[in-house]
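Please walk through this model with me, one element at a time.

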Amino acid sequence: MTQQRTLVGGSGQPPVGLATSAGHVLQLLRSNAGGYSRAELLDITGMARSTLYERLDALFAAGLVYESSPLHAQRGRPPRALRFDDRNKLVLGIEIGHTHAGIHLLSLGRDIVASARLPIDIRQPQEAVAGQVIGESLRLLDGRQPVGAGVGLPAPVDPLHRLGLERTVLAHWNLQNLQEVMESRLDCPVLLENDARSMAVGEVREPLESLVAVKVSTGVGSGIIVGGALVRGAHGAAGDIGHVRIPEAAGRRCRCGRDGCLAAVASGRALLADPKLSSYGSLRQLVDACGSDPAVRAAVAEAGQLLGRTLAATVGTLNPGRIAVGGLVGVLPDFLLACRRQILDDAFEPSLVDLEIVPADSRTATAIGLCRLVEESLYAPERVEQLLAQRAG
Ligand SMILES: [Zn+2]
């Protein structure tokens, strides 16, 4: 499952010329919420009637397609639409942060059915944290069986597990093992993804959108969508902007072991380590004091400004239409304002035309992004083909 290459959103157009296998017929039906009639499918795909009907029979038998009510109110026998059967299919979206895990149960229509939040300590052994998260997930499921689960992690996630975690907060974790344990306990496929990248996917509004989502909580990370496609990079480290060296952080030690990283001055961890803010015991307390403590406010604004400097380079490189800033620190108005000002100051004007710099939908974007990624992966044409072959065999 982790080897799937995911194209988020797609073009919104049916994949003409591809719809020959059952998997591709399903992809076509998934691309249109209203579904297609048999006649439309024959027309779009150019398939022989007998071949198409054979593919549809297999999809019906696997519970992947259903026949909905007539397309139009008309006399005679109106055509019935065939649709992707997303009814009663649930996905778990699990966001693992440094100090908390958010667990959401979602429908494939992206409605949040149930949620839970639990304190964790990511420095603990993987088994302990995974045990807590799995226990809470099972409680939330209350006997219901999800079709899949997505887990957002605060570290670069290499889909092929080639990238080591040595320099990250998950240095003591083994993602391959995490995936296996979770799949076994939750009894469904599990997809692991970087948290900021999942958030970016959840922020997509238009099929061909280009956007950058930035998460600033304990750490700093970003997710990049270009022309509707999620950018993971060669080894899953795309968007990991927290460890870009900036002059303002010179001499400041980062958690990664280097000096001068952006995260050493513009992250929740950096704010908590600021001697002027030493009275705050947790990031939540510090963030809650932003409206009342001028020292917090000034430090938060400075952090936002420094992030803006780094993001100006991203803006110049990618020319996104929107930057969505989320996370406990990222959504603070003082942070976002300073960040926006710095981007507008530093980036070249052509890359700023119509650029929106807005707070991310922090509460649900990551869970929705994970749900979307799980769906794309579970129902990718080649995976559907495999499923149908197993059923037939
Ligand atoms: Zn670093």
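In the order β5-β4-β3-β6-β7, 5 strands form an open sheet with mixed pairing. Helices (H or I, at least four residues) and strands (E, at least two) are DSSP runs, numbered from the N terminus. Two strands pair if DSSP finds at least two bridges between them. β5 (112-119) and β7 (190-194) stand at the edges with a single partner strand each, so one side of each has no neighbour in the sheet. From one strand to the next, the twist averages 15 degrees. Axes here are lines fitted to C-alpha atoms, for helices over the stretch in contact, and angles run from 0 to 180 degrees between N-to-C directions.

This is a predicted model: local features need pLDDT of at least 70, and side-chain atom pairs count only at pLDDT 80 or more, while totals for chains, interfaces and linings use all residues. Residues are numbered from 1 along each chain as its sequence is written, and side-chain values use heavy atoms, with hydrogens and water left out.

Strand β4 (residues 100-107) pairs with β5 in the antiparallel sense, over 7 bridges. Alanine 101 has leucine 118 in β5 as its bridge partner. Helix α11 (residues 365-378) packs on the sheet and touches β3 (90-96), β4, β6 and β7. Its direction makes about 130 degrees with that of β6. Contact means heavy atoms within 4.5 Å.

β6 and β7 run parallel, joined by 5 bridges. Glycine 150 stands opposite leucine 191 in β7. Helix α6 (residues 195-203) lies across β6 (148-153) and β7, at about 100 degrees to β7. Is β7 buried or exposed? In β7, 5 of the 5 residues are buried, so the strand is largely enclosed by the rest of the structure. Buried means under 20% relative accessible area, exposed over 50%, and partly exposed in between (1.4 Å probe, protein chains only). Both faces of β7 are covered. Val190, Leu192 and Asn194 lie on one side, Leu191 and Glu193 on the other.

β8 pairs with strand β11 (residues 322-326) in the parallel sense over 5 bridges. Valine 212 finds its bridge partner in isoleucine 323 of β11.

Turn to the interior. A nonpolar core is a set of buried Ala, Val, Leu, Ile, Met, Phe, Trp, Tyr and Cys residues joined through side-chain atoms within 4.5 Å. The largest one has 41 residues, of which Leu26, Leu41, Leu59 and Tyr379 touch the most other members. Elements giving two or more residues to this core include α1 (22-30), α2 (38-45), α3 (49-61) and α12 (381-392). α11 gives the most, with 7 residues. Leaving aside neighbours within four places in sequence, leucine 59 is in contact with Ala22, Val25, Leu26, Leu64, Val65, Val384 and Leu388. Apart from this core lies another, of 40 residues, among them Ile241, Ile246, Leu286 and Ile343. As for α1, 7 of its 9 residues are buried.

Next, the metal. His243 (ND1), Cys254 (SG), Cys256 (SG) and Cys261 (SG) are the protein donors of the zinc ion, at 2.0 to 2.3 Å. Donors are N, O and S atoms within 2.8 Å of the metal (3.2 Å for Na, K and Ca); water is not among the atoms, so sites may look incomplete. Along the chain, the zinc donors follow the spacing H-x10-C-x1-C-x4-C. Cysteine 256 and cysteine 261 are both buried.

Finish with two loops. Most residues other than glycine have a negative phi. Asparagine 88, in the loop between β2 and β3, has a positive phi near 60 degrees. Asparagine 88 is exposed, with a relative accessible area of 80%. Arginine 110, in the loop between β4 and β5, has a positive phi of about 75 degrees. Arginine 110 is partly exposed, at 23% relative accessible area.
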